Amino acid sequence: MAASALLLAPVTPPTYHRIVSPTLTLPTGTAQAIPVGLLACQRDPLLRQLSTNIVSCTVSQSAPPPSGKNKKGSSNAAAKVPTLEVILHDTVLFPEGGGQPSDVGHITTADDKTWSVLQVKRSGGHAVHYVAVKDTAKDIDSFLPGSHVKVELGDDGYERRYDHMTMHTSQHLLSAVLETKLNLPTLSWSLTTYPQPCYVELPRPVTVEEIFAVQNEANKLVFEGRSVHVEVEELDRAQLPGVQTTETGRAVGKALPEDYTGGVKRVVVIHGVDRNPCCGTHLPSLHNLQLFLLPQTESVARAASSTSTARLYFFAGPRLLAHLGASHAQITSIANTLSCGAPQAPARVVQVTDERRRAEKRAEDVEIELARLLAKQIAHELAASSEEGKEVVTKHVHRTDDASNALGFLNSIAFSLVDAAVSAGKRFVVVLSSSPSAISSTSVNTLLIAGSEGTDAHVKAVGEALKARVGVKGGGKGTRWSGKMVGVWNERKEGAAVEEVLRGVGA
Ligand SMILES: [Zn+2]
């Protein structure tokens, strides 16, 4: 008999959602919307779909702003799409809040049409679904109040939500361990775009040792698979503690939004670890979270208070796997280029960098030596020049050079040339030109005109003539003139033009 495995869909335990007040009940009348705080997505974070009823539907006057933190199904297009604002009796789609971005998903109406939910936002105490339609006037007929609908996350929506829950629950765990182990409050946190690391903001930088200690402690709790549950009761604003501040006056965390009218106080509890007021969706257990902290913090200057805070970045769950995959691909690619195994790559990089530095130094030394030799040769030819009756002798030398700074080498020749030619006792003007080995219409050719003392006017005249005849762009001062010509340098054409210009010098 072939082996077979039975995979059960993960289910949220019935003890997850606890109404701890004897007087708080879930509204059951389907004409009434369940408030944010008691939504199906908050009672059962693993629930993917739900049959429910429409409470109200209006044409959206203002398209929802893109939430900016979407992993998939970004609602950037929402501004252009006709949108309906739909309130349901209950929903599996989380409206953004508590640092957690909105879910995306679908609504299937009673006429069997399926519509995309671009974003869900809390308005007062209710979750408003922004539903994309073709024609608001016509399509609103599908959303009659009281009619039956199915609301679901769908595969993409669930993947996105699962990532958000993983990072959000990990943040609660991380903040709790930072607090108990290092006495460090979390000032704020950011659930960044997948697959970037999320971060918590702390009042001071933490050392590598502290980071490892926190990571170990957090993962001990992960391996134990501590359970997570939610406790809800009526909200009594008068009894809420105010937002705490640090010594520098910086707020720790965020207060309950002033405009929240859902009337529910919600506390997320990690068994034996943490109790934290929060509206987000949280996994029922720390199982599989596997927290990884980047082993350094990033300082962020706060101009207003002339203090700085530190960001500690973390990965967990799907993002951690994505990070491991990307890091592995990067190191493998580096190792392949270096023809070594991944573990040897760091040492090879040091070796290659060192070799390159020495090679550059050697190339520099050799270049100087070569420039001197070339200069000597040119000086020799200038001295032997038989241009009768010319007070200034001239020469053109063309080179092929793929150096990134071809002008630098031409300058080095010119520099040595002045020394070498002084002994020859003749006044001179030379044109040094340089082209890359691969010639195309976009090749950049470099030119340098250099003269001996007192040839300023000749150098300038040659520069001007080359501008006009060869299309060189450039300029100069005294006995130096440099420029560039883009395109194909042909010795029989451009080279010949240079020779001709030079024949006219000092004649
Ligand atoms: Zn939270």
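Which residue in E7 is the bridge partner of His-106?

Residues are numbered from 1 along each chain as its sequence is written. Because the model is predicted, local features need a pLDDT of at least 70 and side-chain atom pairs count only at pLDDT 80 or more, whereas totals for chains, interfaces and linings use all residues.

View 1. Helices (H or I, at least four residues) and strands (E, at least two) are DSSP runs, numbered from the N terminus; two strands pair if DSSP finds at least two bridges between them. Strand E4 (residues 105-109) pairs with strand E5 (residues 114-123) in the antiparallel sense over four bridges, and His-106 stands opposite Ser-116 in E5. E4 is also joined to E7 by four bridges, again antiparallel; here the bridge partner of His-106 is Glu-152 in E7.

**View 2. Hairpins on either side of E5.** Four residues separate E4 and E5 in their hairpin, and Asp-112 in the turn has a positive phi of about 70°. E5 and strand E6 (residues 126-132) run antiparallel and are joined by six bridges, among whose strands Gln-119 stands opposite Tyr-130 in E6. The hairpin of E5 and E6 has two residues between the strands, and Gly-124 takes a positive phi near 65°.

**View 3. Packing of helices H3 and H5.** Helix H3 (residues 154-182) and helix H5 (residues 317-338) pack at an angle of about 95°, their axes lying 7 Å apart. Axes are lines fitted to C-alpha atoms, for helices over the stretch in contact, and angles run from 0 to 180 degrees between N-to-C directions. H3 is therefore roughly perpendicular to H5 (the class for 65 to 115 degrees; angles under 35 count as roughly parallel, over 145 as roughly antiparallel and the rest as oblique). Tyr-162, Asp-163, Thr-166 and Met-167 of H3 make the contact with Gly-317, Pro-318 and Arg-319 of H5; two residues are in contact if their C-beta atoms, placed from the backbone, lie within 7 Å.

**View 4. The five-stranded open sheet.** Five strands form an open sheet of mixed pairing in the order E15-E16-E17-E19-E18. Its edge strands, E15 (392-400) and E18 (473-477), each pair on one side only. Neighbouring strands are turned by 10° against each other on average, direction ignored. E18 and strand E19 (residues 480-486) pair in the antiparallel sense over five bridges, and Gly-475 stands opposite Ser-482 in E19.

**View 5. Helices on the sheet.** Helix H8 (residues 456-470) lies across E15, strand E16 (427-435), strand E17 (444-451), E18 and E19, and runs at about 155° to E17. Helix H9 (residues 491-503) packs on the sheet, touching E15 and E16, and its direction makes about 160° with that of E15.
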